[in-house]
Amino acid sequence: MTRQELRSGLLDAYERQMGLCDRLEEVADSLPSRLDRQQCLHLARMIGPLLKQAHAAEERELFPHVTRHHEGGVDLVEQLRLEHVEDECFAEEVQHELMQMGQGRTDLAPEATGYMLRGFFEGIRRHVRRERELLAEMLRTRQTG
């Protein structure tokens, strides 16, 4: 894979995750009275596959480089893998709540739902920022090395 293909593929995965976060923030901001139930159903269907695809790309393309070239890379990759598992587990809870809201019923108060959504998308944004930094570092290393 060329440097440009690698960069493009990972950046696309990051952009899709950030777009998901933006849409989840819109849902959180719309609670309780301006909720778009169709948007909730759409997000519920896409959240799991989107994260799994993005995480697979990161693990396939970014993690081997981090392991080889980053000080403490093995430990860092293990931490990132655990964060991926946590994100995917949290995504299942968010997906369930989005489905409930999309169907006009919910187990949580609007404040609790908003808190859940914000906790999820802020965590994703933080992880994406960190992995973007690692990608930039990796590309600099490939360019100079």
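Figure 1. Rings of Phe, Tyr and Trp (its six-membered ring) pair if their centres lie within 6.5 Å; planes under 30 degrees apart count as stacked, over 60 as edge-to-face and the rest as tilted. Phe90 and Phe120 form this pair, which is edge-to-face, with 5.4 Å from centre to centre and 80° between the planes. Phe90 is partly exposed at a relative accessible area of 27%, whereas Phe120 is buried at 1%. Here buried means under 20% relative accessible area, exposed over 50%, and partly exposed in between (1.4 Å probe, protein chains only). Helices (H or I, at least four residues) and strands (E, at least two) are DSSP runs, numbered from the N terminus.

Residues are numbered from 1 along each chain as its sequence is written, and side-chain values use heavy atoms, with hydrogens and water left out. As the model is predicted, local features need pLDDT of at least 70 and side-chain atom pairs count only at pLDDT 80 or more, while totals for chains, interfaces and linings use all residues.

Figure 2. The structure holds 8 salt bridges, each defined as a side-chain nitrogen of Lys or Arg within 4 Å of a carboxyl oxygen of Asp or Glu. One of them joins Glu25 to Arg125, with the closest N and O atoms 2.9 Å apart. Glu25 lies in helix α1 (residues 3-30) and Arg125 in helix α4 (residues 110-144), so the pair ties together parts that are 100 residues apart in sequence. Glu25 is partly exposed, at 25% relative accessible area, and Arg125 is buried, at 10%.

Figure 3. Arg130 and Glu133 meet through their side chains in a salt bridge of 3.5 Å, N to O. These two residues are 3 apart in helix α4, and are therefore separated by about one helical turn. Both Arg130, at 31% relative accessibility, and Glu133, at 47%, count as partly exposed. Elsewhere, salt bridges with shared partners join Asp22, Glu25, Glu122 and Arg125 into one network.

Figure 4. Helix α2 (residues 37-69) contains 33 residues and reaches 46 Å from its first C-alpha to its last, close to the 48 Å expected at 1.5 Å a residue; the expected span is 1.5 Å times one less than the number of residues. Asp36 caps the N-terminal end of α2, with a side-chain oxygen 3.0 Å from the backbone nitrogen of Gln38. At Leu62, α2 bends by about 40°, and Pro64 follows within four residues; the bend is the angle between axes fitted to the seven residues ending there and the seven starting there. A salt bridge of 3.0 Å, N to O, connects the side chains of Arg60 and Glu61. Arg60 is exposed at 52% relative accessibility, but Glu61 is buried at 19%.

**Figure 5. Ala13 of helix α1.** Ala13 is found in helix α1 and is buried, at 1% relative accessibility. The C-alpha atoms of Ala13 and Leu50 are separated by 8.3 Å, although the two residues are 37 apart along the chain.

Key
Polar contact = N/O pair within 3.5 Å; in protein donor to acceptor, adjacent residues only side chain to side chain.
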